[in-house]
Amino acid sequence: MYGSGARTKPALARGAGQRLLLLVGEPGIAELLSTTLELAGYRTTLVGAGSEALERLAEQRFDLVVVDAALPDMVSLGRERPVVAHRPPVLVLTEYDSLDELVPELGLGERDYVTKPFRVAEVLARVQVLLRGAHPGRPRDGALGYRDLVLDDTRCEARRGTRVLDLTPAEYRLLRHLLVNAHRVLSKEQIGRYVWGDHRGDNAIEQLVSRLRRKVDHDAPGLIHTRRGFGYWLGLAEAER
């Protein structure tokens with residue numbers, strides 16, 4: 001069941017008039033998102049088909065696009081690979097709990113994901129993160145890396161050397177946060193708010209970090225470390241000395 005706007009914490013309503021294009025077909029979800037985002041300070045335009053969304057993108061500039069990956073014409077748009085002049089970031093609403101085949105390439109920019117059924121608070125948090133703009137240290141080609149660890153947002157793929165990492169959306173967001181803040185210790189609260197939009201509790205954070213560490217550091221020098229009592233950081237241990 002989708003969270004209602006009434007349960008959203010006021011602290012998450014930080015829009016400043018940014019223009020959002022909502023590509024959502026289901027009327028109930030469309031009304032919930034448009035109403036909540038408008039109340040949060042964003043200006044929204046709602047469309048119900050991918051072809052209509054591309055027309056709007058060609059006509060005017062949007063700061064962010066929210067896409068329901070379940071729309072029937074998304075597959076055909078992906079095959080045609082249309083290109084738009086402006087590349088706003090896109091937030092994908094998807095039924096899947098992995099990064100495989102979540103959404104076709106629509107010529108848009110940086111992508112992030114919220115799995116359905118979603119909570120409104122999480123959508124607002126992901127929108128806010130995407131609207132912050134380019135991340136420090138991100139190369140122009142959309143890849144972010146540290147030594148042999150590379151996260152490529154244009155392909156939604158993470159690699160350690162030649163090995164592709166099979167990450168869930170939460171693990172992908174955590175890895176991105178650690179990479180952007182390489183050699184900085186991130187508290188559990190900071191990680192929870194970035195990954196899920198709120199603090200899920202120490203046990204949930206520990207399990208998430210543990211799963212990611214097993215995938216990233218498997219058969220390779222450890223890059224994800226625990227600073228006991230403080231949080232977690234990414235980098236080579238000897239580089240800290």
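Buried means under 20% relative accessible area, exposed means over 50%, and partly exposed lies in between (1.4 Å probe, protein chains only). The model shown here is predicted, so local features need pLDDT of at least 70 and side-chain atom pairs count only at pLDDT 80 or more, while totals for chains, interfaces and linings use all residues. Residues are numbered from 1 along each chain as its sequence is written, and side-chain values use heavy atoms, with hydrogens and water left out.

**View 1. Arginine 160 and aspartate 217 are both buried.** Let us begin with this pair. Aspartate 217 forms a salt bridge (a side-chain nitrogen of Lys or Arg within 4 Å of a carboxyl oxygen of Asp or Glu) with arginine 160, and their closest N and O atoms are 3.3 Å apart. Aspartate 217 sits in the loop between helix 7 (202-216) and strand 10 (224-227), and arginine 160 in strand 8, so this pair ties together parts 57 residues apart in sequence. Helices (H or I, at least four residues) and strands (E, at least two) are DSSP runs, numbered from the N terminus.

**View 2. Arginine 160 also forms a salt bridge with aspartate 148.** Here the closest N and O atoms are 2.7 Å apart. Because aspartate 148 lies in the loop between strand 6 (143-146) and strand 7 (149-152), and arginine 160 in strand 8 (residues 157-160), the pair links parts that are 12 residues apart in sequence. Arginine 160 has a relative accessible area of 5%, whereas aspartate 148, at 33%, is partly exposed.

**View 3. Glutamate 171 and arginine 211 meet in a salt bridge of 3.3 Å, N to O.** Glutamate 171 belongs to helix 5 (residues 169-180) and arginine 211 to helix 7, so parts 40 residues apart in sequence are tied together. Glutamate 171 is buried, at 1% relative accessible area, and arginine 211 is partly exposed, at 33%.

**View 4. An open sheet is formed by 5 strands in the order 2-1-3-4-5, with parallel pairing.** Strand 2 (43-47) and strand 5 (111-115) are its edge strands, each pairing on one side only. Two strands pair if DSSP finds at least two bridges between them; strand 3 (residues 64-68) and strand 4 (residues 90-94) have 4 bridges, in the parallel sense. Among the partners, aspartate 68 is bridged to leucine 93 in strand 4.

**View 5. Helix 2 (residues 50-59) packs on the sheet.** Helix 2 touches strand 1 (19-23), strand 2 and strand 3, where contact means heavy atoms within 4.5 Å.

Methods. Axes are lines fitted to C-alpha atoms, for helices over the stretch in contact, and angles run from 0 to 180 degrees between N-to-C directions.
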